[in-house]
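Hi,

Here is the structure I promised to pass on. Have a look at it first, and then read on for my notes on its charged side chains.

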Amino acid sequence: MSKIYIISFSKQGSILGDFIFKSLKDEGIEAIAYAHFRGKLSDLMKEIFKFKNKIIFIGAIGIAVRSIAAFIVGKGQDPAVVVIDELGKYVIPILSGHIGGANDFSIDISKLIDATPILTTATDINNVFAVDTWAIKNNYEIVNIENIKHISSQLLEKKDVALYSNFNIIGTLPKNIVLKDNGDIGICISLNAYEKPFKNTLNIVPKCFHIGIGARRGIEKDMLEEFFIDVLKENNIAIHSVSSISSIDLKKDEEAILYLCEKYKINFCTYSADELLKYEDKFCKSSFVKSKTGVGNVCETACFITSKFGHMLMNKKAKNGITMAIAKEIWNVNFN
């Protein structure tokens, strides 16, 4: 669903943009290049300025800043924005360095074009654990982003930050992160998005639930969303902890599913009938579904695969031409 957009304005910049575009394409990464852009930048930004997208400007920082200023919302909603000079000497993340991934993206692009990344975020330049970067990389939802500052400030002052986790921890804890279940400032890793073991608690929720969906063609958006929300409530699952919606590739352009994923910022994964067939014997099969799709089970099989073959929390449930299932990924807190 997310894309990389490359916008250049000059001949030299367009040559660089074309090289980046082709390199990303060779790696199977979806990118769109706007070479010698002469249109209205505000119109383009209105279309592409979405969380999880990445935007590369090749040109002056001033152009980039002015074009995105009106669309900036907040740390948890803005896309990664990176600026490269047209000679390709420097790569500078200017928005959403941690949560949007602009810092890491800048480093990757720098390696690709043999440039120097310019990072300005305090945790990065001081080599301090950046909890938001770690959380996004490891597929967590940060519930109260405003509390990141308490964690970062404490670590930058070389003071300990408490960590409370309801999950098994693998690897070595970052410097100045200590296991505790009470105190003033700490990180809480739990499926309960509102658990408060510390006076200032940063709540981080593992995105470990995967929803499989099957639906008749042209299903109504409201009907699908209502069923989706009801299923989550019945299983006591917070929207924060949903990682993916998955289905057969015949549904890759199903408007109602795309709407649901876009609204709740959930990844959409699809599989071919051949991929689903490998695991369909684990679940009850429908001859009707098989006649339409080539596989006897879509929703259960799809979420089972996406959960990395985890635990089936809810087997197929049907309503109004929609089927849903839930798989829970086996989860560890990984600091390796």
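Is Asp18 buried, partly exposed or exposed? Asp18 has a relative accessible area of 34%, so Asp18 counts as partly exposed. Please keep in mind that this is a predicted model.

Asp18 has a partner: Lys22 forms a salt bridge with Asp18, and their closest N and O atoms are 3.1 Å apart. Both residues belong to helix α1 (residues 11-26), where they sit 4 residues apart, about one turn of the helix. Lys22 is partly exposed too, at 47% relative accessibility.

A second pair joins Glu220 and Arg216, with 3.2 Å between the closest N and O atoms of this salt bridge. Glu220 is partly exposed at 39% relative accessibility, and Arg216 is partly exposed with a relative accessible area of 38%.

Lys290 is in helix α11 (residues 287-293), while Glu280 is in the loop between α10 (273-277) and α11, so the pair ties together parts that are 10 residues apart in sequence. Glu280 is buried, with a relative accessible area of 5%, whereas Lys290 is partly exposed at 39% relative accessibility.

There is also a network of salt bridges, which links Arg217, Lys251, Asp253 and Glu254. Across the whole structure, the salt bridges number 15.

How values were computed
Residues numbered from 1 in each chain as written. Predicted model: local features only at pLDDT ≥ 70, side-chain atom pairs only at ≥ 80, totals over all residues. Heavy atoms only, no water. Salt bridge = Lys/Arg side-chain N within 4 Å of Asp/Glu carboxyl O. Helix = DSSP H or I, 4+ residues; strand = E, 2+ residues; numbered from the N terminus. Buried < 20%, exposed > 50% of the residue type's maximum accessible area, 1.4 Å probe, protein only.
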